[in-house]
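User: Can you walk me through this one? I'd like to start with the fold and then go through the side chains.

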Amino acid sequence: MPAGAVQVVEALRDAGHEAWLVGGCVRDLLLGRVPKDFDVAASATPDEVKRALPRTRIIGRRFRIAHVRFRRELIEVSTFRRGNVEGDVSADGVVLSDNVYGTLPEDAFRRDFTVNALYYDPVEDVLLDYTGGLMDIERRELRCVGDPAARFREDPVRILRAVRFAAKLSLSLRADIAAAIGPLAELLTAIPPARLFDEFNKLFMQGNAAAAWSLMWQYDLPEILFPLSKDEDALAQAALENTDERISADKPVTPAFLLAAICWPEFQRRVAPAATAPNAADERLKAAHAVMDEQRLTIAFPRRLSHFVLDVWRLQSGLERRSRRNPKRLLEHPRFRAAYDFLALRSQIGETDPELTRWWTDLQVEHPVERRPLHEAPRGGGRRRVRRGPRRGRALAESAP
Ligand code: ATP
Ligand code: MG
């Protein structure tokens, strides 16, 4: 148990409030996993938390939440809230007011899944279970608190959360959840795109992307969120597997690479009619922009990510013409490495000749280029010149994209 989380609970108790660890951290500890962060539920309002713990920052629009920092730990303290009371929910079931404070049991019943509604007191070593979450942990089963259809209608993002928890924690979805997802999945299109971008990252950038994706297909969720059908899924699947492998090897990853793979079939579909036109390059660029602009209406990928996609797509035509007079210019492009990885995936699924990928692999050994890690790259996909590597023959694997 990290010191910070325990200290927050103790400080709030000393100030006369109730305070419990709750949610993912309790669930993960019971499942024998290392929690990624710690959430506290308390009777204290955010302002009262700030009074008890001066290092608090109050954040959030939809809910006000107190963030308490302890060295490198970040603990989120939220006030007990109650779920929907009559008048709180619109005609189609969407929650209107989420900020109504409540009691501890009310707080338990407004939570999404029973395994997320367990409260733990690290000082006295007491576990509170109002919804049967402990039994579901033992059964390795994800169950909604209440009726799944009603809970998904209130907040359709819970559908994606169900898939994410099932994939990440190897829990099975209870039959009533599985039955509710299909008929309600379309509601995801009404979720604010910025929230879906957050959820995209949680689903796919935490090391369980391929499992989450294949579960999503059981309910045709990818078709609702992306311009993609099941029979053209090979590249997306390969990219998701690749992302999982990179995460487990501690290599840098970007959601933009997944976005490029997921939307590639749609891009191909749009450019096909103009493939031999004299202005084919312009048409490709136009189509690429259109695909990204439309995707961003559903999921708010920041511009710098869609620029990455445009670069990777554009570079594919250059990579396909290996006899270009000056291939070194391509090698030095800041997105070359990502584009090359993308080409390798395309050949992995049989879309391009593996010989082509090999040609570029060999060329990189002949002309090593030192690259900065992604997070240091100039923002906005700038075309800044990349320094040439001082050492020849530097291992390819070291030149992170
Ligand atoms: P993770 O491991 O991803 O952090 P988590 O369960 O902690 O998982 P959070 O998004 O951090 O997920 O949310 C913390 C807790 O808040 C959840 O465990 C759940 O009890 C509650 N919660 C979060 N989002 C919702 C939601 N949309 N509807 C109901 N309860 C929610
Ligand atoms: Mg959490």
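Analyst: What follows goes through the sheet, the metal site and the aromatic rings of this predicted model.

User: What order do the strands of the sheet come in?

Analyst: The order is S3-S4-S5-S2-S1-S6-S7, in an open sheet of seven strands with mixed pairing.

User: Which are the edge strands?

Analyst: Strand S3 (56-59) and strand S7 (126-129), each of which pairs on one side only. From one strand to the next, the twist averages 30°.

User: In what sense do S1 and S2 pair, and over how many bridges?

Analyst: Strand S1 (residues 19-22) and strand S2 (residues 38-42) are antiparallel, with four bridges. Valine 22 stands opposite aspartate 39 in S2.

User: Which strands does helix H1 touch?

Analyst: Helix H1 (residues 3-14) packs on the sheet and touches S1, S2, S4, S5 and S6. Its direction makes about 35° with that of S5.

User: Back to aspartate 39. What does it coordinate?

Analyst: Asp39 coordinates the magnesium ion (ligand 2) through OD, together with OD of Asp37, at 2.7 Å.

User: Switching to aromatics. How many aromatic pairs are there?

Analyst: The structure holds 17. One of them joins phenylalanine 113 and phenylalanine 165; the ring centres are 6.0 Å apart and the planes stand at 80°, so the pair is edge-to-face.

User: Where do phenylalanine 113 and phenylalanine 165 lie?

Analyst: Phenylalanine 113 is in the loop between helix H4 (104-109) and strand S6 (118-121), and phenylalanine 165 is in helix H7 (residues 157-169), so the pair ties together parts 52 residues apart in sequence.

User: Why do they count as buried?

Analyst: Phenylalanine 113 counts as buried because its relative accessibility is 0%, and phenylalanine 165 because its relative accessible area is 3%. The cut-off for buried is under 20%.

User: And how are tryptophan 213 and tryptophan 217 arranged?

Analyst: They form an edge-to-face pair, 5.9 Å centre to centre with 85° between the planes. Both tryptophan 213 and tryptophan 217 lie in helix H10 (residues 209-218), four residues apart, about one turn of the helix. Tryptophan 213 is buried at 1% relative accessibility, as is tryptophan 217 at 5%.

User: Which aromatic cluster holds Trp213 and Trp217?

Analyst: The one formed by Phe197, Phe200, Phe204, Trp213, Trp217, Phe226 and Phe301.

User: Last one: which ring faces do arginine 13 and arginine 55 lie over?

Analyst: Arginine 13 lies over tryptophan 20, 5.6 Å from the ring centre. Arginine 55 lies over phenylalanine 70, at 4.6 Å from the ring centre.

Notes:
Residues numbered from 1 in each chain as written. Chains lettered and ligands numbered in written order. Predicted model: local features only at pLDDT ≥ 70, side-chain atom pairs only at ≥ 80, totals over all residues. Heavy atoms only, no water. Phe/Tyr/Trp six-rings, centres within 6.5 Å; stacked < 30°, edge-to-face > 60°. Helix = DSSP H or I, 4+ residues; strand = E, 2+ residues; numbered from the N terminus. Buried < 20%, exposed > 50% of the residue type's maximum accessible area, 1.4 Å probe, protein only. Lys NZ or Arg CZ within 6 Å of the ring centre and 35° of its normal. Donors = N, O, S within 2.8 Å, 3.2 Å for Na, K, Ca; no water. Pairing = 2+ DSSP bridges. Axes fitted to C-alpha atoms, helices over the stretch in contact; angles between N-to-C directions. Contact = heavy atoms within 4.5 Å.
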